[in-house]
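Please examine the sequence and the structure shown below.

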Amino acid sequence: MSHSPSLPDRPRLDLDPEMSDGERLEAIRKHFRRIVQVNEELERRLEDAETQRDQLQDDVDELKRENEVLKTSSLYIASVEEHTDEGVVIKQHGNNQEVLTETATSVNGDLEPGDRVAINDSFAIQTVLDDETDARAQAMEVDASPDVTYADIGGIDEQIREVREAVEDPLENPEAFETVGVEPPSGVLLHGPPGTGKTMLAKAVANESDATFIKMAGSELVRKFIGEGSRLVRDLFELAADREPAVIFIDEIDAVASKRTDSKTSGDAEVQRTMMQLLSEMDGFDDRGEIRIMAATNRFDMLDEAILRPGRFDRLIEVPKPDAAARERILEIHTEDMNVADDLDLSGLVADLEEFSGADLASLATEAGMFAIRDGRTEVTRADFADAVEKLDSAEEAADRNIHYQY
Ligand SMILES: Nc1ncnc2c1ncn2[C@@H]1O[C@H](COP(=O)(O)OP(=O)(O)OP(=O)(O)O)[C@@H](O)[C@H]1O
């Protein structure tokens with residue numbers, strides 16, 4: 001530690017008894033000026049010290065925060081079972097182990113049975129979590145009647161046919177399967193590059209079969225606390241049972257069902273547990289006439305084969321990037337309600353757009369419309385589309401420099 005420079009000496013007043021009154025007065029005046037000077041110097045030093053103290057306090061606060069984060073990272077989830085004089089009985093999610101534990105002082109004493117809490121490695125309760133429905137709401141999207149129809153989807157007619165057969169028919173006519181004595185496919189897996197209409201397809205089939213659409217994002221399942229993923233999977237199937245007929249759609253299923261990696265970090269173990277829960281839900285799901293399960297992935301190559309076994313995702317449907325005819329149909333759909341110029345030649349326009357997905361074509365139509373609006377026109381022209389292509393191309397190039405997408 002550095003020492004601060006020594007403080008100025010305390011001024012002394014030396015009065016000689018021989019001095020005349022005038023001399024004394026002058027000496028006192030001098031002494032006074034010196035005191036004022038020293039006082040100023042001391043005030044300046046005090047200010048410096050205060051600034052330094054504030055800086056150190058900021059450092060302390062920052063370290064305290066870091067310490068809190070370190071202490072609270074990697075928490076497990078449990079439910080409060082009972083509040084007794086000896087402590088709180090909790091049950092861990094995931095392994096259902098019951099533990100008698102204590103609460104951290106920051107958590108107040110009025111825990112209720114059923115509350116969700118986060119516990120640390122020594123089972124001490126660190127925080128009380130929000131209501132479970134919040135976690136559900138974040139991870140799931142529930143739509144009683146999605147508004148997408150088959151007519152909104154372009155260029156994947158064969159895939160629509162297959163999905164109808166595997167999802168819509170068993171929902172609408174379960175007896176036919178029973179009479180003939182065949183089991184409908186358990187789960188339908190849509191795979192293909194991003195933005196090709198997989199989610200649309202799942203929504204449309206739910207809509208056209210009058211089923212509730214329940215979507216769960218795989219990435220949400222793995223971002224939660226330990227024990228939460230498997231719990232959400234259970235919730236998902238319970239919710240579907242409450243709302244049947246229902247279509248469960250698990251997007252980005254690769255997030256929970258990738259090939260096992262070698263690393264044994266707790267995160268991987270947690271993902272494994274979530275996947276096992278999903279598999280067990282699917283395996284234990286015999287009478288599933290009223291609930292159909294769909295999933296989607298952009299990373300088919302990464303999937304763990306366990307989820308593709310018979311009785312699980314046993315109907316695979318590839319949704320590829322659109323070819324020229326499909327691109328034309330998709331752009332036709334997205335320009336249907338637009339006021340486009342008569343000379344717009346859609347087939348010529350899409351011929352070169354080989355890299356464009358359905359989602360890109362939807363953005364293209366919107367961007368072209370924006371160019372017309374910016375220009376104060378009510379009609380969207382061929383030039384607007386050309387400008388939009390250029391804009392999307394350069395955005396794509398910028399993105400490509402950062403992301404190396406593989407499929
Ligand atoms: N085949 C298509 N026909 C019409 N529009 C499409 C098609 N494919 C994609 N789109 C447009 O792109 C948007 C995104 O598509 P969607 O979410 O279904 O893609 P996805 O395959 O599920 O993508 P991701 O893998 O990124 O989730 C849709 O809302 C729609 O506007």
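Predicted model: local features only at pLDDT ≥ 70, side-chain atom pairs only at ≥ 80, totals over all residues.

Two residues are said to be in contact when heavy atoms of theirs lie within 4.5 Å. Leaving aside its neighbours within four places in sequence, Ile-253 is in contact with Leu-189, Leu-278, Ala-295, Ala-296, Thr-297, Leu-303, Ile-307 and Phe-313.

Ile-253 also belongs to the largest nonpolar core, which has 30 residues. Together with Leu-236, Phe-237, Ile-248, Ile-307 and Phe-313, Ile-253 touches the most other members of this core. Two or more residues each are given to the core by strand S8 (212-217), helix H7 (228-243), strand S9 (246-251), helix H8 (266-283) and strand S10 (291-297). Helix H7 supplies the largest share, six residues. Another core, of 24 residues, lies apart from this one and includes Ile-153, Val-167, Ala-206 and Val-247.

Attention now turns to the annotated site. An unreviewed UniProt entry carries the annotation "binding site" for Gly-195, Thr-196, Gly-197, Lys-198, Thr-199, Met-200 and His-334. Among these, Thr-196 lies in the loop that runs between strand S7 (187-191) and helix H5 (198-208). Is Thr-196 buried or exposed? Its relative accessible area is 9%; buried means under 20%, so Thr-196 is buried. Beyond its neighbours within four places in sequence, Thr-196 is in contact with Ile-156, Val-319, Pro-320, Lys-321 and Pro-322.

His-334, by comparison, is found in helix H9 (residues 324-335). With a relative accessible area of 32%, His-334 is partly exposed. Apart from neighbours within four places in sequence, His-334 is in contact with Ala-362 and Ala-365.

Technical notes. Residues numbered from 1 in each chain as written. Heavy atoms only, no water. UniProt positions renumbered as here; feature names shortened; annotations may be inferred. Helix = DSSP H or I, 4+ residues; strand = E, 2+ residues; numbered from the N terminus. Buried < 20%, exposed > 50% of the residue type's maximum accessible area, 1.4 Å probe, protein only. Core = buried A, V, L, I, M, F, W, Y, C linked by side-chain atoms within 4.5 Å.
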